[in-house]
Amino acid sequence: MSIADHIYSSSPIFLQNILCSLQGLKIKHQRFNERFFADLEELNNSQHLDAVAIRRYKEEQLARIITHAYSTVPFYKAFYDDHGVTPADFKQLEDIQKFPVLTKEHIRANVRQMLSTDYPASGLIANHTSGSSGKALDFYQTKESLPYLWAVWWRFRNRFGVEFGDKHLNFTGKLVVPISQTKPPFWRVNKPLNQWLINMQHLSSEKIEAITEMVEREKFVYFSGYPSIIHAFASLLREKDIVLSNPPKFIFTGAEKMYDNQRKEIEAVMPGVVITDHYGTSEGVINASKCQNGMYHEDFELGHLECENPHWLSEFEYEGDILGTSFHNYGMPFIRYKIGDSAIWSNKICSCGLHSQVITDIQGRSEDYVLTPEGLKLKRFDYLFKNTPSIQECQVVQRELGHVVFRIVRRDNYSAQTERTIEQGVREYISPTIVCHFEYVKEIERTAAGKFKAVVSEIGKSK
């Protein structure tokens with residue numbers, strides 16, 4: 001735990017709310033500044049471009065980012081020279097396929113070489129994502145690209161009539177309320193963003209009635225967060241035979257796929273709620289958000305979303321892995337970046353009136369969960385791996401109650417300190433009593449479809 005985290009967790013509740021609001025002011029300055037509102041207005045207009053105009057826009061942006069990367073980014077100069085391509089090879093949209101695919105391993109091995117010489121590192125925003133595989137990935141963004149990304153996400157909400165500043169509740173995995181707290185309030189308030197926050201560690205049978213009373217009283221316009229956490233909230237409501245009398249009008253989710261059983265359970269306890277989601281990346285490379293018809297539409301202004309090795313499923317649909325090229329992060333360009341997910345595309349025109357690429361489904365990973373001694377069902381453990389670059393991959397396995405196993409593919413710099421870091425994170429974020437075990441493997445097996453499972457439960461399954 002950092003000094004700042006220790007100060008926060010040991011502070012009285014009123015001070016934690018003040019600190020949340022101070023963090024909200026910082027976020028508002030970085031993400032929701034004047035540039036954000038200008039970008040949002042422009043995006044609300046550009047989404048109605050026709051297919052010809054979208055293609056023209058993409059070709060201009062792709063030519064520009066490829067030329068910029070080749071001219072100012074050492075990695076791309078060497079990468080493209082090795083593959084015998086130059087910016088002159090791009091003349092139309094289909095030519096993007098001539099350029100090599102960028103992988104996460106390329107980025108990990110060449111982070112500094114991927115920075116543009118036009119942008120000093122000191123002027124970029126350092127960020128990282130661990131992903132569901134437990135592999136840390138460091139990257140950098142320009143200060144301008146961050147509010148643009150958030151403008152794309154807010155355009156999605158605008159489609160449904162939600163405005164910036166509307167009162168909302170965010171379900172998060174971040175420890176905004178210490179797990180040691182046993183009495184309400186089990187939430188904190190970020191006033192600058194009109195946001196209430198609940199972390200997943202407090203969604204339990206003992207606390208659900210206090211949380212429900214707060215939800216009914218506050219009358220939120222919308223919920224946001226991981227679908228698995230919002231579903232956990234809904235499951236507890238059903239266990240207590242509670243149906244919200246003041247449900248939110250909307251639920252906006254992201255980061256994970258929401259499954260039909262989760263959706264049905266949420267709708268059963270929140271009558272009339274509209275559940276929708278968008279697909280994006282922490283790296284801010286590409287995005288696809290749903291329209292009122294429930295179809296994902298590529299947010300083409302942010303980047304080019306590409307299908308690698310398409311496999312036709314029917315006359316109208318094809319499936320393949322997702323590649324993304326960002327149009328706005330010139331400080332660290334991502335060109336033909338292999339996201340790690342697959343999708344199903346459709347060549348049908350959506351009746352909603354948008355003309356960007358249509359995606360009918362994002363192929364998410366179906367994960368098991370770990371059951372803690374406190375009764376929590378947890379599917380997300382990526383917070384544990386943000387500061388563990390010595391781990392190549394990690395799979396979380398539960399074979400018996402009260403215990404959890406970390407199956408780790410180690411890098412050369414792996415040490416006992418890495419395990420201590422994970423154990424400390426487990427005590428702080430997951431459970432203070434669950435027992436951790438560590439296994440070392442050369443590789444982690446994939447499913448029959450070639451997918452990585454980040455969490456595996458073997459409880460109740462025949463050997």
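Met-270 touches Phe-223, Phe-233, Leu-237, Leu-244, Pro-247, Pro-248 and Ile-251, leaving out residues up to four places away in sequence. Contact here means heavy atoms within 4.5 Å. The model is a predicted one, in which local features need pLDDT of at least 70 and side-chain atom pairs count only at pLDDT 80 or more, while totals for chains, interfaces and linings use all residues. Residues are numbered from 1 along each chain as its sequence is written, and side-chain values use heavy atoms, with hydrogens and water left out.

Met-270 also belongs to the largest nonpolar core, which has 54 residues. Such a core is a set of buried Ala, Val, Leu, Ile, Met, Phe, Trp, Tyr and Cys residues joined through side-chain atoms within 4.5 Å. Buried means under 20% relative accessible area, exposed over 50%, and partly exposed in between (1.4 Å probe, protein chains only). Phe-233, Met-270 and Phe-406 have the most contacts inside this core. Helix H9 (residues 227-239) gives the largest share, six residues. A second, separate core holds 44 residues, including Phe-75, Val-285, Ala-288 and Ala-343.

Ser-204 sits in the loop between strand E5 (195-199) and helix H8 (208-218). Helices (H or I, at least four residues) and strands (E, at least two) are DSSP runs, numbered from the N terminus. Ser-204 is buried, at 9% relative accessible area. Beyond its neighbours within four places in sequence, Ser-204 is in contact with Leu-236 and Leu-376. Ser-204 and Leu-236 are 32 residues apart in sequence, yet 7.1 Å apart in space, C-alpha to C-alpha.

The disulfide count is zero, a disulfide being a pair of cysteine sulfur atoms within 2.5 Å. The sulfur of Cys-352 has its closest cysteine sulfur in Cys-350, at 3.6 Å, so the two are too far apart for a bond. Cys-352 is partly exposed, at 29% relative accessibility. Cys-436 is in no disulfide either; the nearest cysteine sulfur, in Cys-394, is 10 Å away. Cys-436 is buried, with a relative accessible area of 15%.

Two cavities of 30 Å³ or more were found. A cavity is a set of points on a 1 Å grid over the protein atoms alone where a 1.4 Å probe fits but cannot get out; lining residues have an atom within 4 Å of a point. Grid points are joined across faces, edges and corners, and a volume is the space filled by probe spheres set on the points.

Note on methods
On a 1 Å grid over the protein atoms alone, a cavity is a set of points where a 1.4 Å probe fits but cannot get out, and a pocket is an open set with protein on both sides within 12 Å along at least five of seven lines; lining residues have an atom within 4 Å of a point.
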